[in-house]
Amino acid sequence: DAGVIQSPRHEVTEMGQEVTLRCKPISGHNSLFWYRQTMMRGLELLIYFNNNVPIDDSGMPEDRFSAKMPNASFSTLKIQPSEPRDSAVYFCASSFGHGYTFGSGTRLTVV
Amino acid sequence: GESVGLHLPTLSVQEGDNSIINCAYSNSASDYFIWYKQESGKGPQFIIDIRSNMDKRQGQRVTVLLNKTVKHLSLQIAATQPGDSAVYFCAETGDSGGSNYKLTFGKGTLLTVNP
């Protein structure tokens with residue numbers, strides 16, 4: 001199993017641009033989570049899906065952030081428009097039950 | 001203004017020594033706990049887990065202890081190796097009506113192993 005696959009690994013974009021982060025969960029996992037990690041705030045849960053349905057998006061910072069999971073094998077996290085304070089490492093994780101597996105993350109830099 | 005980063009607790013040990021990393025949690029309803037290891041540039045990696053009906057669980061070179069009375073969790077690493085250098089996070093799930101699968105992470109502890 002290739003694990004949770006995230007792309008891109010690194011993204012540098014200008015303020016105001018749209019950014020799309022992608023995640024392919026482990027096959028058979030029915031829950032998917034998006035986390036953001038910064039030095040200031042540590043690991044924060046943004047949103048999670050169960051069976052492709054968003055369950056809790058209370059961690060999404062504001063309307064500029066949106067996430068979709070059109071099928072069991074793919075999810076996106078979109079930021080539009082991006083701002084410098086969105087710079088962080090964004091992790092996707094998937095699970096079946098309690099056991100989470102994290103991807104390698106996308107390091108986003110907004111300049 | 002000056003930004004203030006997240007000040008991680010740090011633990012520095014000599015290679016071969018045993019390490020103990022501690023974690024306090026606040027939700028008395030939490031029923032499942034996990035320790036993760038995060039190396040630089042990588043995502044958190046599962047180390048060991050424990051359910052609330054247990055006090056101790058052992059893995060390979062690692063032991064997790066759970067004290068529900070004082071809401072305290074610890075990770076013991078035996079014969080610590082340079083490859084153990086990383087940030088270690090504890091995580092918990094609270095039993096709050098449908099949120100069983102949502103993990104809450106602690107701030108992490110930076111472990112440095114000196115050769």
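Over all chains, the count of salt bridges comes to twelve. The structure is a predicted model, and the contacts described below are therefore computed from predicted atoms.

In chain A, A:Glu62 and A:Arg85 form a salt bridge, with 3.2 Å between the closest N and O atoms. This pair links distant parts of the chain, the two residues being 23 residues apart. A:Glu62 belongs to the loop between β6 (53–56) and β7 (65–71) of chain A, while A:Arg85 belongs to the loop between β8 (74–79) and β9 (88–96) of chain A. A:Glu62 has a relative accessible area of 27% and is partly exposed. A:Arg85, at 54% relative accessibility, counts as exposed, because the cut-off for that class is over 50%. Both residues also take part in a network of salt bridges that links A:Glu62, A:Arg64, A:Glu83, A:Arg85 and A:Asp86.

## Salt bridges in chain B

Two salt bridges of chain B may be described in turn. In one, the side chains of B:Arg57 and B:Asp49 meet with an N to O distance of 2.2 Å. B:Asp49 is buried, its relative accessible area being 14%, whereas B:Arg57 is partly exposed at 35%.

B:Glu39 is partly exposed, with a relative accessible area of 24%. B:Lys42 is likewise partly exposed, with a value of 46%.

## An open sheet in chain B

Chain B contains an open sheet of four strands in the order β2-β7-β6-β5, with antiparallel pairing. Strands β2 (19–24) and β5 (56–58) stand at the edges; each has a single partner strand, so one side of each is left without a neighbour in the sheet. On average, neighbouring strands of this sheet are turned by 15° against each other, direction ignored.

Within the sheet, β6 (residues 62–67) and β7 (residues 72–77) of chain B pair in the antiparallel sense over six bridges. B:Thr63 has B:Gln76, in β7 of chain B, as its bridge partner.

## Cis peptide bonds in chain A

A cis peptide bond joins A:Ser7 and A:Pro8, with omega about -10°. A:Pro8 is found in the loop between β1 (5–7) and β2 (10–13) of chain A.

A cis peptide bond also joins A:Gln80 and A:Pro81, where omega is about -5°. A:Pro81 lies in the loop between β8 and β9 of chain A; A:Arg85 is placed in the loop between β8 and β9 as well.

A:Asn52 is a residue other than glycine with a positive phi, near 75°. The residue is found in the loop between β5 (42–50) and β6 of chain A. At 28% relative accessibility, A:Asn52 counts as partly exposed.

In chain B, B:Ala79 has a positive phi of about 50°, although it is not a glycine. B:Ala79 is found in the loop between β7 and β8 (86–94) of chain B, and at 36% relative accessibility it counts as partly exposed.

Note on methods:
Residues numbered from 1 in each chain as written. Chains lettered and ligands numbered in written order. Predicted model: local features only at pLDDT ≥ 70, side-chain atom pairs only at ≥ 80, totals over all residues. Heavy atoms only, no water. Pairing = 2+ DSSP bridges. Axes fitted to C-alpha atoms, helices over the stretch in contact; angles between N-to-C directions. Salt bridge = Lys/Arg side-chain N within 4 Å of Asp/Glu carboxyl O. Buried < 20%, exposed > 50% of the residue type's maximum accessible area, 1.4 Å probe, protein only.
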